[in-house]
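Here is a short report for a first look. Keep the sequence and the structure side by side while reading.

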Amino acid sequence: MTATTHEVGHHDEPTGFTRWLFTTNHKDIGTLYLLFSLTMFFVGGAMAMVIRAELFQPGLQVVDPYFFNQMTTMHALVMIFGAVMPAFVGLANWMIPLMVGGPDMALPRMNNWSFWILPFAFAILLSTLFMPGGAPAGGWTLYPPLVLQMGTAFPFVIFAIHLMGISSIMGAINVIATIFNMRAPTMTLMKMPLFVWTWLITAYLLIAVMPVLAGAVTMLLTDQYFGTSFFNAAGGGDPVMFQHIFWFFGHPEVYIMILPAFGIVSQIIPTFARKPLFGYASMVYATASIAFLSFIVWAHHMFTVGMPLAGELFFMYATMLIAVPTGVKVFNWVATMWRGAMTFETPMLFALAFVVLFTIGGFSGLMLAIAPADFQYHDTYFVVAHFHYVLVTGAVFAIIAGVYYWLPKWTGHMYSEALGKAHFWLSTIFVNVLFFPQHFLGLAGMPRRIPDYAVQFTDWNMISSIGGFGFGLSQLLFLYLIIQSIRGTRNATAQVWEGAKGLEWEVPSPAPHHTFDTPPVVK
Amino acid sequence: MAEAQSGYYVPHGSHWPIIGSVGLSSGVIGAAGYLQGMDWGVYVMAIGIAITLYMVFGWFGTVIRESVAGYYNDKVDLSFRWGMIWFIFSEVMFFAAFFGALFYARVLSVPWLSGEDPLTSRYIWDGIMLNWPTAGPGNAALEFEPMGAWPLPTINTLILLTSGLTITIAHHALKAAERVKLVVFMWATVLLGLVFLSFQAYEYYEAYAHLNLTLGTGIYGSTFFMLTGFHGMHVMLGTIMLIVITLRCMAGHFSADNHFGFEAVAWYWHFVDVVWLGLYVFVYII
């Protein structure tokens, strides 16, 4: 055994800074991911506040337009790759081994690496704000030729995206290996909690599309520095080709950000409705169908770019098809609650808001899927309203619900239920004040990614900004409740919630550093 | 000290990942600085690469020592298998992006520019006619010759296919515990990989020196060099992996029923082989 004594040479739990730096424990790594995500949530949120401050009234008053564009681009990159995706990976790290009864993630060292690439990647990305020419400002979609006009930041942004991709791919491989190989022997696939199922499918999406994004940004890099002509019509290339490759990544990417959210909500609703999930098998098949469809709908992001009519029609119908499995899911959530013994603790409130508000985002998505109508909506605030309903009241609300649901399991302490409810009501009211008027703005023709606007858009923009500031400030309460739970005094029981079922509720709260050294038996 | 939990080996902390992160990020910061013409770029990149190599040696060294010491049971072995399979799949998808670019250009965008879609050609380059291989409408005066499928690419195809055969013979020898045959056929595979790489290098030299075919030769040059170039990098990586595994075979690290490291590299080598077949058909022949 002397061969490995240079690793960490003691038996007891490691402490101090190196514990976090060298850790191979899935709970430690899950915590790191979640804290990183929380930090990025506030960084990206601060950028959103700048955007809403500038849009509070017409004219240019708070920041200069070029900086405004940097804010819209960076807000998206930080929230997608820094806040939402790492939050889900953090939840996967913490919960999947507990839920399937495994001792840890399958590949623990690689697990550490998946996380520890991220702080470096984001240090590089955020440092571009201080470079000559500033941060990327042409939108997170990085369309050429505009993106090639970026200043010094250009190659730094490209490489930061490469690093994030490496991190995501390793994280996804780990999830797949864990789910297939670390389950307790009696935990068959169709007994797995839905959060595990949705993550398994998400992991496949990640492995399939993150390399395609890497390829796309590599082509941007070689077009800029090595004389290639992938996206240059003079050389026989085509800038629209970038959009196709990018959205082949980009559309599965939006499902990467929502499938685990479906999983979380499917855990929470049965707990507080005190009924098993309605239609478990159909939930699994619906998730898989959504994942499959996500690969054949990408060009609905590009209806106005110029495509053969057959393409417009194919992508329109394929996109509308997604409403079918999504409808199955919404139906099942509602049917789970039907005649259940419902209580409305904080996680349940966020999960319920998810079901209602995500569905609104789904409906506006259906409107956008109609190609001829999309010619009107494209690049307006209607699109902004749509994807914020699915990403904020969808993905982010599910993450918050999941945090409130599992926080006592992680820390061993309860948080204040009254303040949790206050956080819910403030968030839910303000988020609708923030995003609902953007539907009206978009339908009236206000373009996105513009720092100034015509005066007739003023009223709804002011209301939207007030909602934005309120929503932003409300999240400080979330931060306070997390700290309260970490430092708290009210101990949580192992089961935490009266109706909670599953392996994660059979270990003590807080979950010990090592769990399921011997596999549990699943009934 | 490591601990085994229900037989599953969970390492108790490792400093290699964080070293890898420092290495990778300084490598890309250096590369980005270099691309932007900073003097420090190339040095920082070199330091980053050195740190990354140190990490690779250290990390794999640790894993090899643990493997030889017998820490890894069948279940750990299976985790490694799942990991390697899906890593290779992610590599396939990386190549898919570049194949996608090739197909899109050949099947859609170049014909559109050439008048198949009347509006595109009228508004962008009226009257232009392009035939694949093309350097694009802006390079109409550029004279170049495309890379033919004969002789080098065809010979290279045979070389890679043969190497797939030799590594399989080596695998059977390993399972039959015939050490000498194993080592001989492993070195044969390495040699075939090296010959492939030298032919590829010669082909690039020919392209630049005599065919006037470069990265700047429009969409044809872009797709040709990026596809074959990334493939060549993977062959290089695969050859290095083969050399390491051959040395490990000689050191007696593998037994007839426990040799995941060998199989992982064999899978990788077959993947490189299959990608080449795609290249041979779509880049050289069609």
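## The interface in numbers

This is a predicted model. In it, 78 residues of chain A are in contact with 73 residues of chain B. The two chains bury about 6,300 Å² between them. Carbon and sulfur atoms give 71% of that area. Arg109(A), Trp113(A) and Asn181(A) supply 11% of the area that chain A buries against chain B, more than any other three residues.

Polar contacts also cross the interface. There are 17 residue pairs in polar contact between chain A and chain B, counting pairs with both residues at pLDDT 80 or more. Several helices of chain A take part on its side. Helix 5 of chain A gives the largest share, 13 residues. Sorted by class, the side of chain A that touches chain B has 48 nonpolar residues, 22 polar ones and eight charged ones.

## One salt bridge between the chains

How many salt bridges does the rule find across the interface of chain A and chain B? It finds one. The partners are Arg109(A) and Glu66(B), and their closest N and O atoms are 2.4 Å apart. Glu66(B) lies in helix 2 (residues 41-68) of chain B and Arg109(A) in helix 4 of chain A, so this pair joins two chains.

## Salt bridges within the chains

Over all chains, the count comes to seven salt bridges. One of them pairs Arg19(A) with Asp28(A), with the closest N and O atoms 2.6 Å apart. The two partners differ in accessibility. Arg19(A) counts as partly exposed, at 24% relative accessibility. Asp28(A) is buried, at 3%.

Another pair is Glu498(A) with Arg274(A), whose closest N and O atoms are 2.6 Å apart. This pair links distant parts of the chain, 224 residues apart. Glu498(A) sits in the segment after helix 16 (458-487) of chain A. Arg274(A) is in the loop between helix 8 (259-273) and helix 9 (280-293) of chain A. Glu498(A) counts as exposed, at 61% relative accessibility, and Arg274(A) as partly exposed, at 27%. In chain B, Asp77(B), Arg81(B) and Glu263(B) are linked in a network of salt bridges.

## Confidence

What does the model score? The ipTM is 0.95 and the pTM is 0.95. For chain B, the mean pLDDT is 94, and 98% of its residues reach 70 or more.

Residues 1-5 of chain B have a pLDDT below 50. Beyond near neighbours in sequence, this stretch has 19 contacts in the model.

Methods. Residues are numbered from 1 along each chain as its sequence is written. Chains are lettered from A and ligands numbered from 1 in the order in which they are written. This is a predicted model: local features need pLDDT of at least 70, side-chain atom pairs count only at pLDDT 80 or more; totals for chains, interfaces and linings use all residues. Side-chain values use heavy atoms; hydrogens and water are left out. Contact means heavy atoms within 4.5 Å. Buried area is the accessible area (1.4 Å probe) that two parts lose on being put together, summed over both. A salt bridge is a side-chain nitrogen of Lys or Arg within 4 Å of a carboxyl oxygen of Asp or Glu. A polar contact is a pair of N or O atoms within 3.5 Å; within protein, one must be able to donate a hydrogen and the other to accept it, and residues adjacent in sequence count only if both atoms are side-chain atoms. Helices (H or I, at least four residues) and strands (E, at least two) are DSSP runs, numbered from the N terminus. Ala, Val, Leu, Ile, Met, Phe, Trp, Tyr, Cys and Pro count as nonpolar, Asp, Glu, Lys and Arg as charged, and the others, Gly among them, as polar. Buried means under 20% relative accessible area, exposed over 50%, partly exposed in between (1.4 Å probe, protein chains only). pLDDT is the predictor's confidence in each residue, from 0 to 100.
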